[in-house]
Amino acid sequence: MFNEIHPTAHFHPCQRFYYTVMFIEMKKRKRAYVLRARAVQIARTRDRIVEALMQLHQELGPRRTTVSAIAKRAGVQRLTVYRHFDDE
């Protein structure tokens, strides 16, 4: 039964152990995830939000500037504004 299912069944027990250890070690290591194009898109979105904020502060003043107005001016959803600036 073991020979039919396990892919290392035809290996010598020492080879099977080595294979198993290597597999476990490979599973432990996480591949680094690097944002490239997405990072550029995130930065551009953040820049649009900041630009909209600055314009609205000049036009309406800080007290009358709302998150909804910032989101509308930046062309994003309110949630996107909160994701970029969680402390308002």
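Which residues make up the largest nonpolar core?

## The model and its confidence

This is a predicted model, in which local features need pLDDT of at least 70 and side-chain atom pairs count only at pLDDT 80 or more, while totals for chains, interfaces and linings use all residues. Residues are numbered from 1 along each chain as its sequence is written, and side-chain values use heavy atoms, with hydrogens and water left out.

The protein averages a pLDDT (the predictor's confidence in each residue, from 0 to 100) of 82, and 65% of the residues score at least 70. Where pLDDT is low, the predicted coordinates should not be read in detail.

## The nonpolar core

The largest nonpolar core consists of nine residues, namely Ile49, Ala52, Leu56, Val67, Ile70, Ala71, Ala74, Val76 and Val81. The elements that give two or more residues to this core are helix 3 and helix 4, and the largest share, four residues, comes from helix 4. A nonpolar core is here a set of buried Ala, Val, Leu, Ile, Met, Phe, Trp, Tyr and Cys residues joined through side-chain atoms within 4.5 Å; buried means under 20% relative accessible area, exposed over 50%, and partly exposed in between, with a 1.4 Å probe and protein chains only.

Val81 is placed in helix 5 and is buried, with a relative accessible area of 7%. Leaving aside neighbours within four places in sequence, Val81 is in contact (heavy atoms within 4.5 Å) with Ile49, Val67, Ile70, Ala71 and Val76. Val81 and Val67 are 14 residues apart in sequence, and their C-alpha atoms are 7.2 Å apart in space. Ala71, again not counting residues up to four places away in sequence, touches Val76, Gln77, Arg78 and Val81.

The buried residues of helix 3, which are Thr45, Ile49, Ala52 and Leu56, pack against helix 4 (67-74) and helix 5 (78-84). Thr45 counts as buried because its relative accessibility is 13%, and its contacts beyond four places in sequence are Val76, Thr80 and His84. Helix 3 is followed by Gly61, whose phi is positive, near 95°.

In helix 4 the buried residues are Val67, Ile70, Ala71 and Ala74. They cover an arc of only 95° around the axis, which puts them on the same side of helix 4; the arc is taken from the directions from the helix axis to the C-beta atoms. What covers these buried residues includes helix 3 and helix 5, and helix 4 is followed by Gly75, with a positive phi near 80°.

## The salt bridge

A search of the whole structure finds one salt bridge, defined as a side-chain nitrogen of Lys or Arg within 4 Å of a carboxyl oxygen of Asp or Glu. The side chains of Arg73 and Glu59 meet in a salt bridge, at 2.9 Å from N to O. Arg73 lies in helix 4 and Glu59 in helix 3, so the pair ties together parts that are 14 residues apart in sequence. Arg73 counts as partly exposed at 36% relative accessibility, whereas Glu59, at 53%, counts as exposed.
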